[in-house]
Amino acid sequence: MRQRQSDYIFWAKTQSRARFNLATSGVGPFPLRELPVTLGQLEINGDSTYGYAPLQQAIAKKCGVDPDCVVAADGTSMANHLAMAALIDPGDEVLVEQPTYEVLTSTLLYLGAAVKHFARTEESGYALDPAQVRRVVTRKTRLIVLCNLHNPSSVLASETALREIGGIARSVGARVLVDEVYLDLVYTNTPKTSYHLGPEFVVTNSLTKAYGLSGLRCGWILAEPDLARAMWRLDDLFASIPAHPAELLSVVALENLDSIRERGRKVVEADRVLLRAFLDSQNAVSAPRTEFGSTAIVRLENGNVEDFLTRLHADYETSAVPGRFFGLPNHFRIGMGVDTKMFGEGLQRIAQALKA
Ligand SMILES: Cc1ncc(COP(=O)(O)O)c(C=O)c1O
């Protein structure tokens with residue numbers, strides 16, 4: 001039986017909410033009223049076939065690529081699904097980082113891939129290490145999948161490591177899929193997309209995590225033009241035509257990205273200060289200090305994480321993501337960037353629950 005569901009998404013949709021919700025992954029929602037747009041600029045139907053030209057150009061400009069390399073998709077979720085479906089056949093060997101965002105593995109299993117993992121070890125601070133890829137790659141490997149920033153740790157991959165992994169992929173005729181949905185949460189010297197590192201790189205991204213614009217579902221794939229064309233043709237079997245009002249709003253959002261990003265930045269940076277102070281004051285948990293990103297993965301030194309999170313939710317009205325979804329059963333993930341008052345109170349409640 002093929003995989004036909006995601007346990008993590010089901011949990012996130014049905015159980016993650018709480019008064020003090022630290023089970024988030026991106027910045028808080030950006031409100032429509034703050035986008036410089038009027039109703040007169042919107043329309044229900046438009047001229048969108050293989051992309052809506054103004055949106056193709058706006059995404060291409062943001063990424064510093066030619067519009068021919070851009071395949072628009074419904075969020076990074078659909079971008080990942082479409083890219084993987086275009087890149088692999090059932091039975092193909094695919095290497096995925098571990099720990100990882102569960103949906104990547106579930107989608108690959110749904111597509112019939114033979115999934116193998118390469119480690120990002122806790123001891124190394126979850127670093128992306130080409131040596132770990134070399135340990136598991138074979139002549140049969142068709143695709144290598146990773147996230148930059150890494151989910152759940154928010155670790156930034158070095159360009160050297162990415163280039164080396166590109167070289168490993170090239171040597172066996174594979175591609176590298178890099179999910180960059182968190183990359184714009186590196187606020188200073190934001191790295192360029194790894195699409196520029198070579199033809200074996202395929203990149204996915206969207207305006208969700210760093211911009212609070214999840215509802216627009218403005219996502220995309222960057223791929224070589226021939227591959228991009230093949231992805232558009234495959235998309236005719238999936239989504240065919242996107243919602244045009246969302247395309248129009250996405251063009252406006254892309255024209256105003258810097259100011260939209262600044263809004264979330266203030267909250268993420270304030271939350272990170274609180275998280276560091278919390279971690280410095282705790283012996284019952286440990287975690288690498290994050291420099292970037294909106295999530296942190298925390299180890300519970302003693303006790304059962306599931307029991308702890310159940311108690312945290314029931315007695316302290318606070319939620320965090322169980323690490324089991326990332327293959328880390330002794331950990332939980334904390335999200336920053338929504339509301340600093342809520343975040344600070346949530347951390348205090350975690351501290352109380354750890355003491356109780
Ligand atoms: C690594 C990763 N990729 C993709 C997504 C989904 O992104 P989107 O909301 O743009 O579909 C998430 C959401 O948590 C994620 O963590």
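Buried means under 20% relative accessible area, exposed over 50% and partly exposed in between, computed with a 1.4 Å probe on protein chains only. The model is predicted, so local features need pLDDT of at least 70 and side-chain atom pairs count only at pLDDT 80 or more, while totals for chains, interfaces and linings use all residues. Residues are numbered from 1 along each chain as its sequence is written, and side-chain values use heavy atoms, with hydrogens and water left out.

View 1. Thr193 is buried, with a relative accessible area of 12%. Leaving aside neighbours within four places in sequence, Thr193 is in contact (heavy atoms within 4.5 Å) with Cys63, Glu180, Val203 and Leu222. Helices (H or I, at least four residues) and strands (E, at least two) are DSSP runs, numbered from the N terminus.

**View 2. Helix H4 (residues 102-110) and the elements around it.** Because 7 of its 9 residues are buried, H4 is largely enclosed by the rest of the structure. The buried residues are Glu102, Val103, Leu104, Thr105, Ser106, Thr107 and Leu108. They pack against helices H1 (7-15) and H3 (75-87), and against strands E3 (93-98), E4 (114-119), E5 (141-147) and E6 (175-179). Gly112, which follows H4, has a positive phi near 85°.

**View 3. Residues around the ligand.** Of the 15 residues around the ligand (a heavy atom within 4 Å), Ser77, Asp179, Tyr182, Ser206 and Arg217 come nearest. A polar side-chain atom of Asp179 lies 2.6 Å from a ligand nitrogen atom. An N or O atom in the side chain of Arg217 is 2.7 Å from an oxygen atom of the ligand, and for the side chain of Asn151 the distance to a ligand oxygen atom is 2.8 Å.

**View 4. Packing of helix H10 (residues 305-316) with helix H11 (residues 340-355).** The helices pack at an angle of about 115°, with their axes 10 Å apart; axes are lines fitted to C-alpha atoms over the stretch in contact, and angles run from 0 to 180 degrees between N-to-C directions. Phe308, Arg311, Leu312 and Tyr316 in H10 meet Arg349, Ile350, Gln352, Ala353 and Leu354 in H11. By class, this contact has 6 nonpolar, 1 polar and 2 charged residues.

**View 5. Val273 in helix H9 (residues 257-280).** Val273 is exposed, with a relative accessible area of 56%. Val273 and Ala223 are 50 residues apart in sequence and 37 Å apart in space, C-alpha to C-alpha.

Methods:
Ala, Val, Leu, Ile, Met, Phe, Trp, Tyr, Cys and Pro count as nonpolar, Asp, Glu, Lys and Arg as charged, and the others, Gly among them, as polar. A polar contact is a pair of N or O atoms within 3.5 Å; within protein, one must be able to donate a hydrogen and the other to accept it, and residues adjacent in sequence count only if both atoms are side-chain atoms.
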